Number of protein chains: 4
Amino acid sequence: MFFSINPTNGLAIFDQIVRQVKFAVASGTLAPGDMVPSVRELAKELAVNPNTVVRAYRDLTSEGILEAVRGTGLNVTEDAVAHCEKERLALLRERIRHVLVEAHSSRLETSEIRELVEEELTRLERTAKGKRGKKGADS
Amino acid sequence: MFFSINPTNGLAIFDQIVRQVKFAVASGTLAPGDMVPSVRELAKELAVNPNTVVRAYRDLTSEGILEAVRGTGLNVTEDAVAHCEKERLALLRERIRHVLVEAHSSRLETSEIRELVEEELTRLERTAKGKRGKKGADS
Amino acid sequence: MFFSINPTNGLAIFDQIVRQVKFAVASGTLAPGDMVPSVRELAKELAVNPNTVVRAYRDLTSEGILEAVRGTGLNVTEDAVAHCEKERLALLRERIRHVLVEAHSSRLETSEIRELVEEELTRLERTAKGKRGKKGADS
Amino acid sequence: MFFSINPTNGLAIFDQIVRQVKFAVASGTLAPGDMVPSVRELAKELAVNPNTVVRAYRDLTSEGILEAVRGTGLNVTEDAVAHCEKERLALLRERIRHVLVEAHSSRLETSEIRELVEEELTRLERTAKGKRGKKGADS
DNA sequence: GTGGTCTAGACCACC
DNA sequence: GTGGTCTAGACCACG
């Protein structure tokens, strides 16, 4: 459904899941009270080991974003929205800063970096449009 | 000297060293025939274990970017420049794309992403100017 | 199992492992999709440090002969066979040439060298037969 | 003059020198009473570090093959011939056996190994003839 | 359980 | 002094 994993991302798989849940909450795709997919279901969908999903859900639970409902599953908490909205930009900003710092320390001019970013951003938009035009899209 | 390690940027230390050597070659900071800092020296400077530097240098050697001169050290090969110039953009582009893809999949609008990048880029420029204005400061 | 280390043959241990994996692939003893022994297992079997095996496996991985399957182990790639078949003869030929060159430069006649080789080859055959005749014996 | 170094031989440089001196003695190229080249001279000729030659000569001296003549240099001892003649075959045989063992353990048939050796031996003869035809020859 | 990374420190060959 | 190799043992992420 809304998650997609890229194993060569630099991010650990469980971390990608954690972040994507947070992003989904921040963007309203996942609302308080909604259930997240079961561990098995998500593990199958993403073709990862169930324990990896367990790990991600455990982290989210201990951060108060998910809560266990006995015998039912995990659902998004009330507090989650505020928490995730704040965190979304921070998480992204952090990664963006890291890569920009590296680009800068490689002695690329700011303008060259900006150009690189624009190129990739444009390519991304084009891809996104293409997918939207069709139907579902995955990574 | 010209290398700096950031333990929280998601990249393995040896990989950061590898990339920084490549960037230094690409930008001309390190020219063919130049010697890279000795294993022990760099290890001390970066406060990492010598074996971590050995690992990075070995990888660079097997990529043909460095070559060992028995008993004297490692120097940058003639081929290195072409190799690194090509690779610099590819390496950076790769990381940039990954973070942009994540930002996009978090349902941020392209304009919002662009804004985030601009903010960080501006902050980066300001920091850089600041440093230049003073004297040497390091990360 | 199929690997054996000889600490006095002039080759580094990790290199002997690398070569033996390649040879096993070239000879079909190890087929694409097969898992190589785990780092810890092989280290124990050869009585070497696990890191030495790690080093060998890493080299093989970066040559595209092995690939890591997260959390399960390393397996032989599809490409490995072609790669290793070509390399087997090259690796052996290289070593053979070196020793023949030395023998020749020691002013031995070609016929004398040939004789030496034949003697050792015969002894090798006899030993091999002996082993086959019994049961398993190792070096 | 009669020595040549191959840095990619698998053998350490000092060891190549040691062996070549022994071979020269065994073949009569160097006779008891003959002086070996001075450390400086040989180091320059082979383009290696003088300390490497010192190391080789030290080993040879402690084996009783060379002896120091105060203020003159090093010369070949009386005992050297017998010693070296015996050792020549042993040294070569040892290396030959190592490579044959490896070839055999790579599951090459004896006939295939023999073929490989013959090919390289033939190539060696051809090269040697070529050189002899001309004048001096180097590695 | 698996491999990946890192630290710590040893010995060797070579300059 | 240099790099190369090996040992020993730790921690992490993933299955």
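The exercises below work through a predicted model.

**Exercise 1. The fold of chain A**

Task: State which elements chain A has and in what order they run.

Solution: 
- Step 1. Take the inventory. Chain A has 5 helices and 2 strands.
- Step 2. Read the order from the N terminus. The elements run α-α-α-β-β-α-α.
- Step 3. The C-alpha trace of chain A spans about 55 × 35 × 25 Å along its principal axes.
- Step 4. Of the 139 residues in chain A, 42% are buried.
- Step 5. Look at contact range. Take the contacts in chain A with a separation of 6 or more; 54% of them join residues 24 or more positions apart.

**Exercise 2. H1 against H3 in chain A**

Task: Classify the packing of helix H1 and helix H3 of chain A, and list the residues that make the contact.

Solution: 
- Step 1. Two packed helices are described by the angle between their axes and the distance between the axes.
- Step 2. Apply them. The axes of H1(A), residues 13-26, and H3(A), residues 50-62, come within 8 Å and cross at roughly 45 degrees.
- Step 3. Classify. That angle makes H1(A) oblique to H3(A).
- Step 4. The crossing of H1(A) and H3(A) is right-handed.
- Step 5. List the residues. H1(A) contributes Ile13(A), Phe14(A), Ile17(A), Val18(A), Val21(A) and Lys22(A). H3(A) contributes Thr52(A), Val53(A), Arg55(A), Ala56(A), Asp59(A) and Leu60(A).
- Step 6. Sort by class. The contact of H1(A) with H3(A) has 8 nonpolar, 1 polar and 3 charged residues.

**Exercise 3. Positive phi**

Task: Describe the setting of Arg107(A) and of Ala47(D), given their phi values.

Solution: 
- Step 1. Recall the background. Most residues other than glycine have a negative phi.
- Step 2. Read the angles. Phi is positive, near 70 degrees, in Arg107(A). In Ala47(D) phi is positive too, near 55 degrees.
- Step 3. Locate them. Arg107(A) sits in the loop between helix H4 (80-105) and helix H5 (110-133) of chain A. Ala47(D) sits in the loop between H2 and H3 of chain D.
- Step 4. Check exposure. Exposed means over 50% relative accessible area. Arg107(A) has 55%, so Arg107(A) is exposed. Ala47(D) has 67%, so Ala47(D) is exposed.

**Exercise 4. Thr110(B)**

Task: Is Thr110(B) buried or exposed, and which residues does Thr110(B) contact?

Solution: 
- Step 1. Thr110(B) is in helix H5 (residues 110-133) of chain B.
- Step 2. Apply the cut-off. Buried means under 20%. At 13% relative accessible area, Thr110(B) is buried.
- Step 3. Leave aside neighbours within four places in sequence. Thr110(B) is then in contact with Leu121(A) and Glu125(A).

**Exercise 5. Chains C and D**

Task: Find how chain C is related to chain D.

Solution: 
- Step 1. Superpose. A rotation of 180 degrees, with 0.1 Å of shift along its axis, brings chain C onto chain D with RMSD 0.2 Å.
- Step 2. Compare surfaces. The same surface serves both copies, and 97% of the contact residues of chain C recur in chain D.

Note on methods
Residues are numbered from 1 along each chain as its sequence is written. Chains are lettered from A and ligands numbered from 1 in the order in which they are written. This is a predicted model: local features need pLDDT of at least 70, side-chain atom pairs count only at pLDDT 80 or more; totals for chains, interfaces and linings use all residues. Side-chain values use heavy atoms; hydrogens and water are left out. Axes are lines fitted to C-alpha atoms, for helices over the stretch in contact, and angles run from 0 to 180 degrees between N-to-C directions. Helices (H or I, at least four residues) and strands (E, at least two) are DSSP runs, numbered from the N terminus. Angles under 35 degrees count as roughly parallel, over 145 as roughly antiparallel, 65 to 115 as roughly perpendicular and the rest as oblique. A crossing is left-handed if the near helix is turned anticlockwise from the far one by less than a right angle, and right-handed if clockwise. Contact means heavy atoms within 4.5 Å. Ala, Val, Leu, Ile, Met, Phe, Trp, Tyr, Cys and Pro count as nonpolar, Asp, Glu, Lys and Arg as charged, and the others, Gly among them, as polar. Copies are superposed by least squares on the C-alpha atoms of residues with pLDDT of at least 70 in both. Buried means under 20% relative accessible area, exposed over 50%, partly exposed in between (1.4 Å probe, protein chains only).
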